[in-house]
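This report takes a reader through one protein model, moving from individual contacts to the arrangement of the whole chain. Please keep the sequence and the structure in view while reading.

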Amino acid sequence: MKITAVRSHRLGYDLPETLGYSQQWYARRSAHLVEIETDAGLTGWGECFGPGAVAVGNQTIVEQVIAPLIIGRDPVQREVLWHEVYNLLRDHGQKGMPLQALSGVDIALWDLAGKAAGLSIARLMGARYRDSVPVYGYGMMLRPDRTRLEARFAGEAAAIEAAGFRATKMKVGLGVAEDIRLVEAVRRALKDETRLMVDANHGYHVTQAMAVGRALEDLGVYWFEEPVAPEDLEGYAELRRSLKVNIAGGEAEFTRWGWRRLLEGRCVSIAQPEVCGLGGISEFMKVLTLCQTHFIPVINHVWGSAVSIATNLQLLAAQPPLPGGLFPDEPMLEFDTTHNAFMSDLSLESLQVREQVAATGRVTIPDRPGHGVEPNPDVLAKYRLH
Ligand code: CA
């Protein structure tokens with residue numbers, strides 16, 4: 001089998017309302033898929049992390065830099081191809097967009113390998129540990145109109161809970177005092193047994209994060225996500241030593257070499273690797289092994305389309321229990337509850353996440369060849385940006 005074509009599909013549409021997190025507002029939803037064709041008639045699909053103009057850069061790297069290196073090559077040799085591409089690009093970026101671009105290509109190669117073998121990705125690894133996972137619903141994004149935000153967040157939290165999610169995640173980023181009030185309002189709106197997580201998107205310096213973290217402890221928050229900048233490993237370690245609340249992070253970290261420092265520095269109590277950014281499935285499995293080496297549980301960061309969800313479901317299936325036992329902690333699937341046509345409409349065969357969550361709070365992990373998602377050509381044509 002040989003690779004005959006590598007294509008990028010950049011998709012986008014205007015959201016019904018402007019949403020935000022601590023770093024920016026956004027009014028458009030976007031996604032960037034990678035399609036790899038072979039001479040065997042099989043096609044693989046991957047996804048690159050990176051919205052808007054970042055996807056334009058990633059598309060150029062996929063099509064102009066990586067594609068010429070891998071066209072004509074055997075797609076099953078994904079480890080070999082990964083290292084050839086990485087070694088050539090190392091001098092030009094060991095984090096960020098080159099890795100995001102390579103991630104989409106690597107995921108498509110794994111999808112192809114699964115289809116060629118007739119096995120789901122988790123089975124191809126010999127690692128289907130579970131058939132379903134709990135799902136947590138994130139929403140409660142910031143809005144430009146800050147008046148009534150507490151009431152709005154409380155209403156959204158209750159709606160997410162009523163939809164069947166047993167855990168939910170909110171954004172903060174308005175400043176220490178206002179953020180604490182916002183979390184208080186959401187916690188009051190939720191049942192005691194519903195888990196609440198808080199995501200700062202690295203909007204604080206360590207002193208602010210310490211103050212917010214103490215309040216989150218008192219409110220029984222399950223984790224405090226990206227409290228400080230990803231470069232501030234010492235800040236992370238200080239927070240983790242000082243606070244009882246779980247410190248989660250890692251979505252902005254790349255490759256085994258970046259993760260090594262995060263783990264050796266004992267920076268996070270919950271690791272959130274992003275498969276569509278850190279280097280793809282090949283690299284995710286190495287990072288997962290590193291996390292297991294340090295006995296740090298992994299709860300995948302998930303962003304993007306149904307391709308990303310399906311890929312992450314395979315990787316959630318492929319996690320050994322840590323450390324093992326009759327009732328080990330389970331990982332969860334992160335799921336966007338805000339308007340996202342690339343999750344709801346993209347796939348020919350729906351993952352039916354919302355329907356399943358409404359019944360059980362969980363989602364079954366597909367066992368079709370590859371990651372199991374085939375994008376609908378009509379949906380690709382409808383949202384295509386180029
Ligand atoms: Ca996050």
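In this predicted model, Leu-333 is in contact with Val-133, Pro-134, Val-135, Tyr-136, Val-302, Ile-309, Asn-312, Leu-313, Leu-316 and Val-363, when its neighbours within four places in sequence are left aside. A second, separate core of 23 residues includes Cys-48, Ile-66, Leu-81 and Tyr-86.

The largest nonpolar core holds 97 residues, and Met-170, Phe-224 and Leu-333 are the ones that touch the most other members. Helix α12, which spans residues 306–317, supplies the largest share of this core, with eight residues. Because domain 1 (3–118) and domain 2 (123–364) both give residues to this core, it lies between them. As a general background, nonpolar side chains in soluble globular proteins tend to be buried together.

**The two domains**

The protein is divided into domain 1, covering residues 3–118, and domain 2, covering residues 123–364. Taken over C-alpha atoms, the centres of domain 1 and domain 2 are separated by 23 Å, and the contact takes 43 residues from domain 1 and 45 residues from domain 2. Between them, domain 1 and domain 2 bury about 3400 Å², with 66% of that area on carbon and sulfur atoms. On the side of domain 1, the residues that lose the most area to domain 2 are Glu-47, Phe-49 and Trp-110, which together account for 18% of what that side buries.

**The sheet**

An open sheet of three strands has the order β1-β2-β3, and its pairing is antiparallel. Strands β1 and β3 (43–47) stand at the edges with a single partner strand each, so one side of each is left without a neighbour in the sheet. From one strand to the next, the twist averages 20°.

Strand β1 (residues 3–21) and strand β2 (residues 24–38) run antiparallel and are joined by 14 bridges, while a hairpin connects β1 to β2 through two residues. Two of the bridge partners in β2 are listed here.

| Residue | Bridge partner in β2 |
|---|---|
| Ala-5 | Glu-37 |
| Leu-11 | Ala-31 |

Helix α1 packs on the sheet, where it touches β1 and β2, and the direction of α1 makes about 170° with that of β1. In a regular strand the side chains alternate between the two faces of the sheet.

Is Pro-68 buried or exposed? Pro-68 lies in helix α1, which covers residues 52–70, and its relative accessible area is 54%, so with the cut-off for exposed set at over 50% Pro-68 counts as exposed.

Glu-283, by contrast, lies in helix α11, which runs over residues 280–293. Since buried means under 20% relative accessible area, Glu-283 at 0% relative accessibility counts as buried. Which residues does Glu-283 touch, not counting those up to four places away in sequence? They are Trp-82, Thr-255, Arg-256, Trp-257 and Leu-278.

Methods: Residues numbered from 1 in each chain as written. Predicted model: local features only at pLDDT ≥ 70, side-chain atom pairs only at ≥ 80, totals over all residues. Heavy atoms only, no water. Pairing = 2+ DSSP bridges. Helix = DSSP H or I, 4+ residues; strand = E, 2+ residues; numbered from the N terminus. Core = buried A, V, L, I, M, F, W, Y, C linked by side-chain atoms within 4.5 Å. Buried < 20%, exposed > 50% of the residue type's maximum accessible area, 1.4 Å probe, protein only. Domains from an automatic or database assignment. Contact = heavy atoms within 4.5 Å. Axes fitted to C-alpha atoms, helices over the stretch in contact; angles between N-to-C directions. Buried area = accessible area lost by both parts, 1.4 Å probe.
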